[in-house]
Number of protein chains: 2
Amino acid sequence: MNTRGENGSIISQTGEYALRAIVFLAMDPGIAYTTLQISVATKVPGAYLSKVMQALVRAGLVQSQRGFGGGFLLTRSPDSIALLEVLDAVDPIPRIRSCPLGLESHGINLCALHKKLDDATATIETVFRETTIGDLLVRPTQSIPLCNASQQ
Amino acid sequence: MNTRGENGSIISQTGEYALRAIVFLAMDPGIAYTTLQISVATKVPGAYLSKVMQALVRAGLVQSQRGFGGGFLLTRSPDSIALLEVLDAVDPIPRIRSCPLGLESHGINLCALHKKLDDATATIETVFRETTIGDLLVRPTQSIPLCNASQQ
DNA sequence: GGTATACTGGATATAAAGGTCCAGATATCC
DNA sequence: GGATATCTGGACCTTTATATCCAGTATACC
C-alpha cells in the first residue's frame, strides 16, 4: 500500500535530511556553510533544507549567521550530539505510550502486539541515543571504511 | 516538521492495521470473521481494512470466503507467521541498499551515517522476522500480561 | 549609506498515505 | 431462483509530509 519509493529509511525523509546536514557541518566544525553549500553537498532540496535548518537552529543544535560570510555552524562538539537529538529536533521517534485501541473491550493479545512494537522502537531509540555524530566521522588516523563495498 | 499525531509507531499505519487484523484472526484459528467484525474488534476503519485484507489475501497469509458465513481466515498456524511477513504483505520495511547520494562526490562520513541507519533498520527487521504471531498470543496457561500497567 | 549576501517565516503547491464509496462478483440460505 | 451476505476492485476524497517561492530582515563589505 506504500511503495516508499523515495525515502527508503526507517526514519522520515526530513529526519534523514537533518542528519545529513549535521554530519556535513561536523566535518568542519567552526566553519559556517550556507544553505546552498549544504544543499549541494548533501543533495537535499535547497528550499526544503532551509526549513530543516531553521528547526535545527530552534533546537539549539546549530547557530545561524546572516549576511555575507554567514551560514550555519554547530553549537557543540560532534561528539556531544546524539543522533536522537537531531531527529527529535525535526521529527521525534514516536513511542507507543497508551493502547491505540483504548482499554475497554480490546483484546489482551493486541496489547501484546503494541508492547512488541514499542520494544522494537525503544531499541532503535537507544541506538540513536548512544550514537553521536562524532561516531560517524572518519578520522584521518582511522582506516577508510568499506564505502564502495556497501553502496554499489 | 512531522507531528505524527495519529500513527505513533515506527511502522506505517497500514502495517499496524495488518498486524492487528492478523493477531485478531489468530485468536480463533479456523473461524472466519467478516471485515466488519475485524474492524470493530481492532478499531480499524472498515473501508480501509477491506483494502488491507485484500493485500493479506494476495500475500497468501489469509484466505477469503464470500457470501453468507464468509469472511477471512488464516491459512497457516499463528506460530508459523512472522510479524515481518505481515508487514511485507502491505508495506515492507525499507532497507538502504545503495547510497542515497550516489557515489561520485559524496562524503565518506555521510556513508557512515547511512550504514548506521541501515544497521538500526536491520535490527528491527530481525526482531520482526524472529517474532511470530503465536508469540503474541496469551495462552490460558500463561499469566495475564501487564496490560493495564503498560497502557493507561 | 548602498549593495550584495544570507537567513527567516509565511503562503502555496505537489506527492503520497490514509480513507471512503459503490457497482460488480460470489456464495449461502430458503 | 430470489433474497441476503460478503468479498473485490476501481474511482475518488482527505490529510499529511515534502517541497517551492518570495517578501522581509539582518549582516558584511566598500
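Me: Let's start with one residue. Is B:Lys43 buried, exposed or partly exposed?

Reply: Keep in mind that this is a predicted model. To read accessibility, you compare a percentage with two cut-offs: under 20% is buried and over 50% is exposed. B:Lys43 has a relative accessible area of 40%, so it is partly exposed.

Me: Where in chain B would I look for B:Lys43?

Reply: Go to the loop between H2 and H3 of chain B. While you're there, check the backbone: B:Lys43 isn't a glycine, yet its phi is positive, at about 60°.

Me: And what is the phi of A:Lys43?

Reply: A:Lys43 has a phi near 55°, again a positive value in a residue other than glycine. You'll find A:Lys43 in the loop between H2 and helix H3 (46-58) of chain A. With 43% relative accessibility, A:Lys43 counts as partly exposed.

Me: Let's zoom out. How many helices and strands does chain A have?

Reply: Chain A has seven helices and two strands. Follow the sequence and the order is α-α-α-β-β-α-α-α-α. Chain A has 152 residues, and 47% of them count as buried.

Me: How do I read two helices packing, say H2 and H3 of chain B? At what angle do they pack?

Reply: Look at the angle and the distance between the axes. Helix H2 (residues 35-42) and helix H3 (residues 46-58) of chain B pack at about 110°, and their axes are 9 Å apart. Since that angle falls in the 65 to 115 range, H2(B) is roughly perpendicular to H3(B). The crossing of H2(B) past H3(B) is right-handed.

Me: Which residues make that contact?

Reply: From H2(B) you have B:Thr35, B:Ile38 and B:Ser39, and from H3(B) come B:Gly46, B:Leu49, B:Ser50 and B:Met53. Sorted by class, the contact of H2(B) with H3(B) has three nonpolar residues, four polar ones and no charged ones.

Me: Now for chain A. How far apart are the axes of H1(A) and H2(A)?

Reply: The axes of helix H1 (residues 13-26) and helix H2 (residues 35-42) of chain A are 10 Å apart, and the helices pack at about 105°. H1(A) and H2(A) are therefore roughly perpendicular to each other.

Me: What about a residue inside a helix? Which residues does B:Thr121 contact beyond its sequence neighbours?

Reply: B:Thr121 sits in helix H5 (residues 108-130) of chain B. Set aside neighbours within four places in sequence, and B:Thr121 is in contact with A:Ile10, B:Ile93, B:Pro94 and B:Arg95. B:Thr121 is buried, with a relative accessible area of 0%.

Me: Where does B:Pro92 lie?

Reply: B:Pro92 is in the loop between helix H4 (83-90) and H5 of chain B. At 40% relative accessibility, B:Pro92 is partly exposed. B:Pro92 and B:Ser12 are 80 residues apart along the chain, but their C-alpha atoms are separated by 9.4 Å.

Me: One last thing: how many disulfides are there?

Reply: A disulfide is a covalent bond between the sulfur atoms of two cysteines. Searching the whole structure turns up zero, over all chains. As for two cysteines here, A:Cys111 is buried at 4% relative accessible area, and B:Cys111 is buried at 7%.

Terms used:
Residues numbered from 1 in each chain as written. Chains lettered and ligands numbered in written order. Predicted model: local features only at pLDDT ≥ 70, side-chain atom pairs only at ≥ 80, totals over all residues. Heavy atoms only, no water. Helix = DSSP H or I, 4+ residues; strand = E, 2+ residues; numbered from the N terminus. Buried < 20%, exposed > 50% of the residue type's maximum accessible area, 1.4 Å probe, protein only. Contact = heavy atoms within 4.5 Å. Disulfide = S-S within 2.5 Å. Axes fitted to C-alpha atoms, helices over the stretch in contact; angles between N-to-C directions. Parallel < 35°, antiparallel > 145°, perpendicular 65-115°, else oblique. Left-handed = near helix turned anticlockwise from the far one by under 90°. Nonpolar A, V, L, I, M, F, W, Y, C, P; charged D, E, K, R; others polar.
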